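User: I would like to learn how to read the features of a protein model, one at a time. Please give me the general idea and then the case here.

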Amino acid sequence: MKVLDSNALFQKITFFEEAHADPNPGRQLERIREAVPRFKEWFKATGKATAFHSYDLITLPYPKKYALWRAAWSPVAYIWFTNRMFIVQWEAEGRVWTLLNEPTEYELASNTPYFADQIRKYGQFLSHTLLSYRYQTVEQHLESVGLRPEDVDFITFDHLHTQDVRRWLGTTRPQPDISPDAPVKAYFPHAKLIVQRKEWDILPHLHPLQKIWYQPEKFEDILEDRLLFIDGDVLLGPGVALMWTPGHTQGNHSLVVNTDTGIWVSSENGVAAECYAPRESGIPGLRRYAEKTGFEVVLNANTIENTSRQYNSMVQEKLVADPCENHPRIPQFFPSSELRGHLFAPGTKPSHQHKRVAFGTIVRPGGKGTLAK
C-alpha cells in the first residue's frame with residue numbers, strides 16, 4: 001500500500017521504547033514511571049502549541065459497566081458522556097499546521113454495530129432525541145472559528161472504534177449508502193489520517209471481542225495517499241505529540257499538548273479526570289474502590305483486549321499530564337468522551353469536569369487570527 005512516510009514529517013520519540021518492549025506488565029509499569037520525568041523535561045523544551053481548543057459534538061448514553069469498570073455503586077445501567085473534538089495548531093518550518101483530533105462524524109458513527117443495536121432496541125426517536133443531544137457538527141465548528149476544509153493538515157483519533165472517515169478523506173469507489181453514483185469527494189482536500197499501524201492492521205482481522213465497536217468495511221476504499229502510518233510515539237511539532245497508549249485497543253494513542261498551564265493529555269482510556277485520581281472522586285464507590293484495590297486509575301473497559309496494558313497506559317497518561325491549577329491532585333487529562341451528570345444516571349455525576357480547553361488563537365494559514373468561540 002502506498003502511504004506517506006511519517007518519518008519525513010515527524011520526530012520519533014524514544015523515551016518509552018524500553019517500557020513498550022517489556023512483556024512483564026509489572027516491570028513495564030516501573031519503566032514507565034522512570035521514563036516520564038525525562039520525557040516531560042524534553043517535551044516541554046520543544047515549545048508550546050499555538051492553539052488548543054475543544055468543541056462538543058454529542059452527548060449520549062454509554063454502559064456504566066464499561067465507563068466506570070467495577071468501581072461505581074450506582075445501580076443505573078448507563079452513564080452519559082460528551083464526545084468532543086479538538087483543534088490543535090503549532091508553528092514549524094515557517095508555517096502553521098492544523099490537526100483535528102477526534103473529528104467524529106456522529107451520524108455515520110451510529111452505524112457501528114453496538115450503536116446500531118441500541119437504536120434498534122430503543123428506537124430512532126428515543127435514541128436520537130431523548131437519550132442523546134447533538135451540538136454543532138465538525139463542519140459547523142470549523143466554520144465558527146474561520147477555518148476552511150483546505151486548512152486542515154491532519155486528522156487523528158485515539159483509536160478507530162465507531163469511526164467512518166469516508167466523507168473526510170474520500171473514496172476510490174462509489175459508496176452505496178452515501179454516494180451511490182460516484183466516489184466520495186474528500187471534504188478535507190489536503191488532510192492525512194494519522195493512525196498507528198497496529199490499529200490499522202487489525203481492521204481486516206477483527207477478533208470477536210472487537211467486532212461490535214468497529215466499522216472495518218468503511219475503510220476499504222479510503223484513498224491510499226490519505227493515510228499516514230506511525231509506529232509508537234511521535235512529536236508532530238513544538239508542544240504537540242501522539243503517545244502510543246495501547247490496551248483499550250492495540251493501536252490506541254493519546255494526544256499530548258504543552259500549553260501555558262503545562263501538559264494536557266487526551267484519550268478515551270478514562271471517561272473522567274477523576275478516573276485518574278479515584279481517591280479524590282465524589283462518585284459513590286470510586287474512592288472505596290481505589291482504597292480497597294490499591295488501583296491508581298479506573299479503566300474505560302468496553303474492550304478488555306489487554307487490561308494490564310491499558311492500566312499502565314493510563315498511569316503513563318496520568319504522570320505525563322501536569323496537575324490542574326485549581327485542583328493539584330487532579331491531572332490535566334481531558335477525556336475525549338467526558339463523563340457528565342444526567343437526570344437518568346443518579347450517582348454518577350463527576351466531581352470535576354474540564355468541560356472545555358481554550359488556549360491560544362486559532363489562525364488560518366497565511367491569514368489573520370480568529371478568536372475561537
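Analyst: Let's start with the largest pocket: α5 supplies the largest share of its lining, five residues. Please keep in mind that this is a predicted model, where local features need pLDDT of at least 70 and side-chain atom pairs count only at pLDDT 80 or more, while totals for chains, interfaces and linings use all residues. Residues are numbered from 1 along each chain as its sequence is written, and side-chain values use heavy atoms, with hydrogens and water left out.

User: What volume does the largest pocket have, and which residues lie nearest its centre?

Analyst: Rolling a probe the size of a water molecule over the atoms shows where empty space is left. Here a 1 Å grid over the protein atoms alone is used: a pocket is an open set of points with protein on both sides within 12 Å along at least five of seven lines, a cavity is a set where a 1.4 Å probe fits but cannot get out, and lining residues have an atom within 4 Å of a point. Points are joined across faces, edges and corners, and the volume is the space filled by probe spheres set on them. The largest pocket comes to about 610 Å³. Its lining has 35 residues, and Leu-60, Pro-61, Phe-81, Tyr-114 and Phe-115 lie nearest the centre.

User: Which elements each supply at least two residues of that lining?

Analyst: They are β3 (51-63), β4 (78-92), α4 (106-109), α5 (113-122) and α6 (124-130). These labels are DSSP runs numbered from the N terminus, with helices (H or I) of at least four residues and strands (E) of at least two. By residue type, the lining of the largest pocket divides into 17 nonpolar, 14 polar and four charged. In this count Ala, Val, Leu, Ile, Met, Phe, Trp, Tyr, Cys and Pro are nonpolar, Asp, Glu, Lys and Arg are charged, and the others, Gly among them, are polar.

User: How many cavities of 30 Å³ or more does the structure hold?

Analyst: There is one, and the largest cavity has a volume of about 30 Å³. Its lining consists of Thr-156, Phe-157, Asp-158, His-159, Leu-160, Ile-194, Val-195, Gln-196, Glu-199 and Gly-251. Strand β10 (residues 192-196) gives the most to that lining, three residues. The residues around the largest cavity are four nonpolar, four polar and two charged.

User: His-159 is on that list. Which residue does the side chain of His-159 join through a polar contact of 3.2 Å?

Analyst: The partner is the side chain of His-161, at 3.2 Å. A polar contact is a pair of N or O atoms within 3.5 Å; within protein, one must be able to donate a hydrogen and the other to accept it, and residues adjacent in sequence count only if both atoms are side-chain atoms. His-161 sits in the loop between β7 (154-156) and α8 (166-169).

User: Is His-161 buried or exposed?

Analyst: Buried means under 20% relative accessible area, exposed over 50%, and partly exposed in between (1.4 Å probe, protein chains only). His-161 has 5%, so it is buried. Beyond its neighbours within four places in sequence, His-161 is in contact (heavy atoms within 4.5 Å) with Trp-213, Tyr-214, His-248, Thr-249, Asn-302 and Thr-303.

User: How many disulfides does the structure hold?

Analyst: A disulfide is a pair of cysteine sulfur atoms within 2.5 Å, and the count here is zero. Take Cys-275: the closest cysteine sulfur, in Cys-324, is 14 Å from its own, so the two are too far apart for a bond. Cys-275 is buried, since its relative accessibility is 0%, and Cys-324 is buried too, at 5%.

User: What is phi of Arg-70 near, and where is Arg-70 found?

Analyst: Most residues other than glycine have a negative phi. Arg-70 has a positive value near 70°, in the loop between α3 (64-67) and β4. Lys-355 also has a positive phi, near 65°, and belongs to the loop between β16 (337-340) and β17 (358-360). Arg-70 is exposed because its relative accessible area is 66%, and Lys-355 is exposed with 53%.
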